[in-house]
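Trainee: Please take a close look at the aromatic pairs in this model and take me through them one at a time.

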Amino acid sequence: MQDKSPKHEITTPNYDDYVIDPYQAIIDPHIHLWNFGSSASMPPFLLEECANTISKSGHNITKTVFIECNTMYRHKGPEHFKSVGETEFAVGMAAMSESGLYGNCQIAAGIVANVDLQLGEKTDEVIAAHSSASNGRLRGIRCQTAYAKEGLFQKSAAPELANRMLTTNYSKGVQKVHAHGLSLDVWCVYSQLNDLIEVADRCPNGLIILNHLGSPFNFEQQTKRVEVLNIWRHGIEKLAQRPNIFVKLGGIGMNVGKQFKRGEGTIKTEELAANWRLFIEHCIDKFGPERCMFESNFPVDRGTCSYRTLWNTFKLISINYSKKEKSALFYETARRAYKL
């Protein structure tokens, strides 16, 4: 006799339809605000766009840290002071956020500014100018260091960045950053991790925050993938032995290399978690949750997924961690690192 009873399909949850653990408090320690003008290829991402992105995500983002992105520099004045305009801009965005008209999240609660760390004696006065302009929000400094001979963001390589971290002036600049009580944010790619180790060994008394997991991107052919991963793994293991280094878990949705599949904002939570788990878990395993923090790197990473999907991905990857470990990864490490 044929069974005519109704069939009930077993379906897996679509994590993009809801927010995983919506009450988990989050500090997003890496978000950009920018306006590059009407002729730029990247549309403005200002306070209103940022606040809407956060509120529509449904995640409990309590604070963000503004990271320099070469926007709104001063048009006039000495060249080495022009980046102070970006800090002034970020402070304006933060002041508007404090009004409460843009939601409960404190946007730009901390600021990481751009200073050329090879300025020699001028480094001190430029850091001081940023500090003065920041209205008490300056928490760190970042200087451009990421280099790949194949180029980044579809642009030609900048040869002056190839060995920047190994120069004496750069190390002296890092020491000045730490003397001001600030952290050093560093974005470098996997092949530069040994350079960062040298920086950490020369400057062991201040906090260094590695951005974007050290970017294990494959810039060459797919056949190089294993080689890239091995170099990155060993670099992360050695970096983790330096107690003054923290690491941001994210920034791997950028359209920089060929390592990760991109889907113009459409990749789903489960696929991203499967793609990124290896990298994120390796860092957490080596550094420990107390030195790791999830980051969005928005709006740069929105070409891969939505803000909701991004944080859902991090929550899915960390679903089996303890409550204390999750607190560190999503909130406490960033709070300590940026003194928020």
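**Aromatic pairs**

Mentor: The model is predicted. Start with F66, which is buried at a relative accessible area of 1%. Its partner is F89, with ring centres 6.3 Å apart and planes at 75 degrees. Planes over 60 degrees apart count as edge-to-face, so F66 and F89 form an edge-to-face pair.

A second pair is made by F294 and F314. Here the centres are 4.6 Å apart and the angle between the planes is 15 degrees. Planes under 30 degrees apart count as stacked, and that is the class of the F294 and F314 pair. F294 sits in strand 8 (residues 292–294) and F314 in helix 8 (residues 307–317), so this pair ties together parts that are 20 residues apart in sequence. F294 has a relative accessibility of 1% and therefore counts as buried. F314, at 0%, counts as buried too.

F294 and F314 also belong to one aromatic cluster, whose other members are W276, F298, Y307, W311 and F330. Over the whole structure, the search finds 10 aromatic pairs.

Note on methods: Residues are numbered from 1 along each chain as its sequence is written. This is a predicted model: local features need pLDDT of at least 70, side-chain atom pairs count only at pLDDT 80 or more; totals for chains, interfaces and linings use all residues. Side-chain values use heavy atoms; hydrogens and water are left out. Rings of Phe, Tyr and Trp (its six-membered ring) pair if their centres lie within 6.5 Å; planes under 30 degrees apart count as stacked, over 60 as edge-to-face and the rest as tilted. Buried means under 20% relative accessible area, exposed over 50%, partly exposed in between (1.4 Å probe, protein chains only). Helices (H or I, at least four residues) and strands (E, at least two) are DSSP runs, numbered from the N terminus.
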